[in-house]
Amino acid sequence: MRIALISPFPDITVFGLRTMSAYLRERGHWTRMIFLPDPACDEDYGEERYRPETLRQLVALCRDVDLVGITLMTNYFAAARQITHAIHAATSVPVVWGGVHATICPDECIVHADIVCVGDGEEALLDLADALGRGAAIDALANLWVRAGDGAISRNPPRPLLRDLDRYPAPDYSLADHHFMVADGTITPFTRELTERHLRTGTVSNLLGKMGYQTMTGRGCPHKCSYCANDALKNLYDKRGYLRWRSVEHVIDELEQVKRRFPDIGFVWISDDAFFSRPSASLAAFCAAYKERIGLPFSCLASPLTVTEEKMALLVDAGLVYVQMGIESGSARMQALYNRARMDNRRVLRAARIINRYRARMFPPSYDFLLDVPYERTEDTLESLRLIARLPKPYRLQPFSLVLYPGTELHRMGVRDGHVRDAHRDVYAKSYNMRAGSYPNLLFALAQGGRMPGPLLRLLASRPLGRVLGAAPLRPGFAWLYRALRALKARLRPVGGRAA
């Protein structure tokens, strides 16, 4: 079978889709990977994302395949729909959607796709390709929703989660029949030079000033935050066995392959949701093997509950140079709303102090916070700022505007309480970079680089000053100041290297 795998994501790493491609090829199928970065990025381009000429080229690439697969998250729903309609209009090739949004909203997706994959996709897509190749029925395959010609839909339950992630090969970076949409909308063959250029432009790559390779050593997350897609995914599998890890040897083998393929890789970006939650013995084995056989700087994600002195010492010795940790809020009320009550300010500060002990050997850590939450009061945001004033320097802040993603607990609350009135405007077309202009958000922007003195930030975030400057009559002025500050920072930010 010939299968076209399409990604609308702006990031070309797309670990899951590349793993899918490698697995299908290993099992005897041929894949064509097509990367179509959604031009909308952080703006609402409306329903039509791609130029007509781009779609004509895409259709030409799909005419000789037997199946088209598209991966999507909520933000890329419009892109996936436009791609699918173009393929349906010009060919009879069936289209299957997969990924987080397809898993969470299959009823919505099956209206446009012929098949929707719910949950992990490797085994389901392999079964689908094998069945189509034999001319066998596909309406009873686990994990798949299938729409028949008469409109009837087979809704098959997901199979049990596979525990052995070593079953899957390293992501496909072969460049064999890989294609990429460049800035003018032209789809061109992916080359080594083009791949390396994009590996240099990721968020962490810009921060560290090095070409980075992004990977995942496991799947899932130990937490169940009410704003996160993991909340919905855990419910799909009844929470059993959701967090899984690849073996140390499997990960190290992948990284050795990458070093041979891309000798200029300068660091490894481990993007597991909570790499620090890997069991201590496994983490120690990883650090020993990584230090001996890979020897590159690396970055990872952490949570306040998983950072320990023992793990930090092991990781830094192995080459850890950058940590991103989700704090999200300094308000106890909001921490409870996010199902993060155990990650209170005491634990946040303890984790930040452990990280700070290694400041001489690391880049400043990044701490994530959520803004523009419909249930948050001005005082909650000011509490977050007062917590930031207590964080040990140096650090960087990564403030994200909350998107109420479907399937999450907060989305259900938002729909119930009237905060999601227009799904396109309030969810699908909203990016976490679309932060509102307000006095507290202006303080976040001013404190983002970690250079604002703590006493000054505490004063500006104090209750009396916050009530006065956060009052409704002053909001338009602070919204203008916030927009002006963001525009200035964007102009000062270099194209490559560390962000300004």
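The following questions and answers go through a predicted model.

Trainee: How many residues of H1 are buried?

Mentor: Helix H1 covers residues 15-26, and from its first C-alpha to its last it reaches 16 Å, close to the 16 Å expected. Its buried residues include Phe-15, Leu-17, Met-20 and Leu-24, together with Arg-18 and Arg-25. H1 is largely enclosed by the rest of the structure, because the buried count among its twelve residues is ten.

Trainee: How far from the ring centre of Trp-30 does the charged end of Arg-25 sit?

Mentor: Arg-25 is also among the buried residues of H1. H1 is followed by Gly-28, which has a positive phi near 100 degrees. The charged end of Arg-25 sits over the ring of Trp-30, and its distance from the centre is 4.1 Å.

Trainee: Which residues have the most contacts inside the largest nonpolar core?

Mentor: In soluble globular proteins, nonpolar side chains tend to be buried together. Here the largest such core has 96 residues, and the ones with the most contacts inside it are Met-312, Leu-320 and Tyr-367.

Trainee: From which domains does this core draw at least three residues each?

Mentor: Another core, of 49 residues, lies apart from it and has Leu-61, Cys-109, Val-116 and Leu-402 among its members. The core of 96 residues draws at least three residues from each of domain 1 (2-155) and domain 2 (202-492).

Trainee: Which helix is among the elements that cover the buried residues of H7?

Mentor: In helix H7, residues 192-199, the buried residues are Leu-194, Thr-195, Glu-196 and Leu-199. Their cover includes strands S8 (178-181), S9 (187-189) and S10 (212-215). The helix included in that cover is H8 (203-208).

Trainee: Which residues do ring pairs link into a cluster?

Mentor: The structure holds 16 aromatic pairs. Ring pairs form a cluster from Phe-275, Phe-286, Tyr-290 and Phe-298.

Key. Residues numbered from 1 in each chain as written. Predicted model: local features only at pLDDT ≥ 70, side-chain atom pairs only at ≥ 80, totals over all residues. Heavy atoms only, no water. Phe/Tyr/Trp six-rings, centres within 6.5 Å; stacked < 30°, edge-to-face > 60°. Lys NZ or Arg CZ within 6 Å of the ring centre and 35° of its normal. Helix = DSSP H or I, 4+ residues; strand = E, 2+ residues; numbered from the N terminus. Expected span 1.5 Å × (residues − 1). Buried < 20%, exposed > 50% of the residue type's maximum accessible area, 1.4 Å probe, protein only. Core = buried A, V, L, I, M, F, W, Y, C linked by side-chain atoms within 4.5 Å. Domains from an automatic or database assignment. Contact = heavy atoms within 4.5 Å.
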